[in-house]
Amino acid sequence: MVAATTMMLNACQNNEDGTDPAYNKVIDVPILGWKAADTLFFPLQITDPTTIRTPILQGIPYTMGYSVRMSADFHYTRVPMQLIIQQTDTTGGCEHIVRNVLRRHIAPAVRDTLGRPLGPSWGSLIDYDGFIDDISIQFDSLGSYRMMLIPDTKDIHGFTGLSAIGLSLSKQY
């Protein structure tokens, strides 16, 4: 498991409509190789009752975004990963899974079809923020959740050249 060092790629990141994201966390990954054994965990607390889907109310769904920091040596055009969202409970001091909310293969783009990075470079690193278009999430209850990212690569060295991966949730209004 990768140590959960948090940093913000864009400290003042806002959505296009000017609102702050409801959740935004970025975790460093081993630049020499992010492997399948290096699962990233993103703990999440759902505390806003207006977002809960109930039999009477639809609730406000969340749009999922991602952040990638990579070196110029990262030669892939996409970063294929497994995204898993689970509801958790920490009663008794131990975290256990209540249920799986979502399990999906995602492959966010980081380069265009000609191989050019989609984001701006800062020295030797390139940052890119985007949205995962086909994921809109609604939660059924308030409480603890965790999002997990597992790299989907057959290379024994993993994805080399990645420095950080992040997830964000923004309310859809």
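Reader: How many aromatic pairs does a search of the whole structure find?
Author: Six. Rings of Phe, Tyr and Trp (its six-membered ring) pair if their centres lie within 6.5 Å; planes under 30 degrees apart count as stacked, over 60 as edge-to-face and the rest as tilted.

Reader: What about tyrosine 66 and tyrosine 128, how far apart are the centres and at what angle are the planes?
Author: Their centres are 6.0 Å apart and the planes sit at 55°, so this pair is tilted.

Reader: Where in the chain are those two?
Author: Tyrosine 66 is in strand 3 (residues 62-71) and tyrosine 128 in strand 7 (residues 125-137). Strands here are DSSP runs of E, at least two residues, numbered from the N terminus; helices are runs of H or I, at least four residues.

Reader: Tyrosine 66, buried or exposed?
Author: Buried, at 7% relative accessibility. The cut-offs: buried is under 20% relative accessible area, exposed over 50%, partly exposed in between (1.4 Å probe, protein chains only).

Reader: And phenylalanine 74 with phenylalanine 159, what kind of pair is that?
Author: Edge-to-face, because the planes are at 65°, with the centres 6.0 Å apart. Phenylalanine 74 lies in the loop between strand 3 and strand 4 (81-89). Phenylalanine 159 lies in the loop between strand 8 (143-151) and strand 9 (162-171). The pair ties together parts 85 residues apart in sequence.

Reader: What relative accessibility do those two have?
Author: Phenylalanine 74 is at 0% and phenylalanine 159 at 1%. Phenylalanine 74 is buried, and phenylalanine 159 counts as buried too.

Reader: Which residues do ring pairs link into a cluster?
Author: Tyr62, Phe139 and Tyr145.

Reader: New topic. How many helices and strands?
Author: Zero helices and nine strands. Of the 173 residues, 46% count as buried.

Reader: Last one. What is the mean pLDDT?
Author: The mean is 82, and 86% of residues reach 70 or more. pLDDT is the predictor's confidence in each residue, from 0 to 100. Over residues 1-19 pLDDT stays under 50.

Reader: What ground rules apply?
Author: This is a predicted model: local features need pLDDT of at least 70, side-chain atom pairs count only at pLDDT 80 or more, and totals for chains, interfaces and linings use all residues. Residues are numbered from 1 along each chain as its sequence is written, and side-chain values use heavy atoms, leaving out hydrogens and water.

Definitions and conventions. Contact = heavy atoms within 4.5 Å.
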